[in-house]
Protein chains: 2
Amino acid sequence: MPETRSLTVGNLGESGLLARILPRLQGAAALVGPGDDAALIAAPGGAFVFTVDTLVENQDFRLRWPSGFESSGFDVGWKSAAQNLSDVNAMGACATAAVISLTLPPETPVHWVEDLAEGFSAAMRELGASHCAIAGGDLGRGSELSITAALTGALVTESPVLRSGAQPGDILAVHGVLGVAAAGLALLDSSIQTENWTVEQQEIVLGQRRPKPPLDAGPLAAKSGASAMMDISDGLFKDAHRLALASDVEIDINQESLIKDLERLLPIAQTLETEPLAWVISGGEDHGLLATFPPRTELPEGFRKVGTVHAAATSETKNRVSLDGDSLNVSAGFDHFEV
Amino acid sequence: MPETRSLTVGNLGESGLLARILPRLQGAAALVGPGDDAALIAAPGGAFVFTVDTLVENQDFRLRWPSGFESSGFDVGWKSAAQNLSDVNAMGACATAAVISLTLPPETPVHWVEDLAEGFSAAMRELGASHCAIAGGDLGRGSELSITAALTGALVTESPVLRSGAQPGDILAVHGVLGVAAAGLALLDSSIQTENWTVEQQEIVLGQRRPKPPLDAGPLAAKSGASAMMDISDGLFKDAHRLALASDVEIDINQESLIKDLERLLPIAQTLETEPLAWVISGGEDHGLLATFPPRTELPEGFRKVGTVHAAATSETKNRVSLDGDSLNVSAGFDHFEV
C-alpha cells in the first residue's frame, strides 16, 4: 500500500474523488467529456461515443452468495457487456466495437473464463448488438477477478442526447423495470437458500444476474426528440439528481407512476420482510433509461411518464428531486466508496 | 473463488487461455481482430484502431520494491498511458482518445490517485500525443490497485501495418532501446537500496518507470513502407517469434547489431553480477518498435537493422528465431500466467 498521507479514497467518496482527478486529466478536449454516460470524440469521419466499465469480484459481483447461489462466468460476462452497452444506448448511439481486459487469479478455472466469453458474446447478440465487433483485449494476472470492457458507438442522430438538456416543463420518462436488480441482489444476499427459490424469485434474480438494457430505446428516444437521457445504473433518484444537476432543473416524481414496479416486488419484499419502495427509487443495475421529452411529446414505445421537470428554484432546494412534492435524500443509491 | 474443476488459468498459460477464449468471443468481425497490437474497426467515417491494457499492483508494478524504491502514482499513470500509446503506435496510427478505469482500495491516498492522473496526462503530452482526448472513465473499489486504459487511434496510411506482412528477404529493424526496462526492473528488485543508486543507475530505472515509446516512429515506418510492425513489450525474441508466426517466416538476429545495447547495460550487469544478454533479448517493457522493411529500403530515422527475415524452412524449425544462426528458446520473455 502507498504511504498514507492523511486523506484516503475511502474518506473522500466517488464524486469527491472524481472532482480531484478530472482537472488533472489534461488531454485534448472531447466534444462531450467526463460527466455523461459516455464521452463523445471528434474523429475525421464523424464523432463517436466511447465508454469503459469495470466489474470487480466481491464489489460488483460475488462468485458465491450468502444464499448459496454461484455466479457463472456467463453471468459476469453478460453483465459486463450489458452495462457497457447501456452507456452507449443512453447517448442515443449503437455500439460498434468492444475490447475486453481480464484480470484473473491463476487458480481461476478455465471453464469459468470460457463461460465469461460466451456470456459476453450472448449478451451482445441477445440484446441486439450483434453488429458490434468484439475486437480483442488483454489478459493479466491478479489476486482478484475483474473484467473491464471498453466500447465505442456510433450516433444515430446528428448529436448525442446528454444529461444536460432537460428543460422546465419537460416530461420525465422511464424505459424498463425499476428495482428488480436490487430485489434480486437482496435475495442473493439473503439466507434463503437458492434451492428454495420460487420460479418468480428465480426470475427476479435473473434481472440482477443478466440485466437487459433496452438497446432499441436509446436511439429511438434520440430520434423522437428526447431532450436529456441517461441510463439508470445507480438508482432512479440518484440518477435523476445527476440529470437535475447537469440540466440545472428540479425533478418531481409521481409515486402513482411507480405502482406497477412496487406491486411486482411486493411478494419478494414480504418474503424478505421489507418494503419495495427503496428498491424502486434507489436500486441500481436495472440499466433502463431515464429520459426527458418536451411537453406534449408522444412518448416513444416502451417509455412511461414518471414525473415532471421544473425550473430550479431558490438556492436551498436547487436541483432537488422530490417524490409527490416531498424532498428526498438523494444520496440514496450506489456509491463505490461508501462504507 | 470459483469451484475448481480440473484445469486452471495458471495451468494453461496466457497463449493457451487466449486460444480457448477467442473462439467464444463472437461479435461482428473486426477488420483486424485479436492477435495484433490493436484491433482495426470498420466505421462509417473510416477505420480506427482500438486497444486496451491493464496494470495490476504486484503484477505489473509494485508500490514498494525490495530496493526500497516507492512507485509514485505519476509513474504508474505514465506507464499506463505509454503502453497503450505504444500499441496504437505499432499499428502505424496516432491516438485519438483514451478512457480510464481505476480500481482502488479504499485506503489508497487521494494524492497518489491525483499523481496518477497527472502522470497519465504528462505521458500523453511529453510523448507527443497531446492531440489525444482523455475522455472519461470509471472508478471502482477493489482489494488491489489496478488501472485499465483503452485507446482509439487513427491510421496515417490507407491500411495499418500488421504483424503478418513480413516477407523473406526483408530487413528486421528496431527503433528504441532494448533491455533497459528489464535492467531497471532487476535493480528495483535488488537489495541495492535506492539511496545508493548512481545517476546512471537512476536513469536506467527511469526507463522501467517511465518508458518512452517513439510515437513519431510508428506512423513514419508505415509511410516508409514497413511490411510488418509490432511493439516490443514482452522482449525482442518473444515478440520476434510472434511476428515470425504471424508472417510464417523465420527470423535471424545479428548479435553484432546488439553490441551498443549490451555495452550500455554492462556496468549495471556487473553490479548485479549477471550478463546483459538476457535483458537485451528477453527483456520487455521498453516499448520500442520491431519492424520489417523490404530489402534495400532506406530505413527511416531512428530504425537500425538487427536481423533478416527468411522463408520458413522445414517443419522442425518452422518460424524459428535464431541468433547468428543458432536457434534460441523463444519462450524467453514475459508470460502473465507463468509461475
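User: How do I read burial along a helix, and how many residues of α8(A) are buried?

Analyst: Count neighbours: a residue is buried if 20 or more other C-beta atoms lie within 10 Å of its own, exposed if 12 or fewer, and partly exposed in between, with C-beta atoms placed from the backbone. In this predicted model, α8(A) is mostly covered, with 10 of its 12 residues buried. Among them are A:Leu236, A:Phe237, A:His241 and A:Ser247. Numbering runs from 1 along each chain as its sequence is written, with chains lettered from A in the order written. Local features here need pLDDT of at least 70, while interface totals use all residues.

User: What covers the buried residues of α8(A)?

Analyst: The cover includes β7 (228-231), β8 (249-253), α10 (277-282), β9 (289-293) and β11 (321-323) of chain A. Helices (H or I, at least four residues) and strands (E, at least two) are DSSP runs, numbered from the N terminus.

User: How far does α8(A) reach from its first C-alpha to its last?

Analyst: Expected span is 1.5 Å times one less than the number of residues. Helix α8 (residues 236-247) of chain A reaches 16 Å, close to the 16 Å expected.

User: What does the model score?

Analyst: ipTM is 0.90 and pTM 0.92.

Technical notes: Predicted model: local features only at pLDDT ≥ 70, side-chain atom pairs only at ≥ 80, totals over all residues. Contact = placed C-beta atoms within 7 Å.
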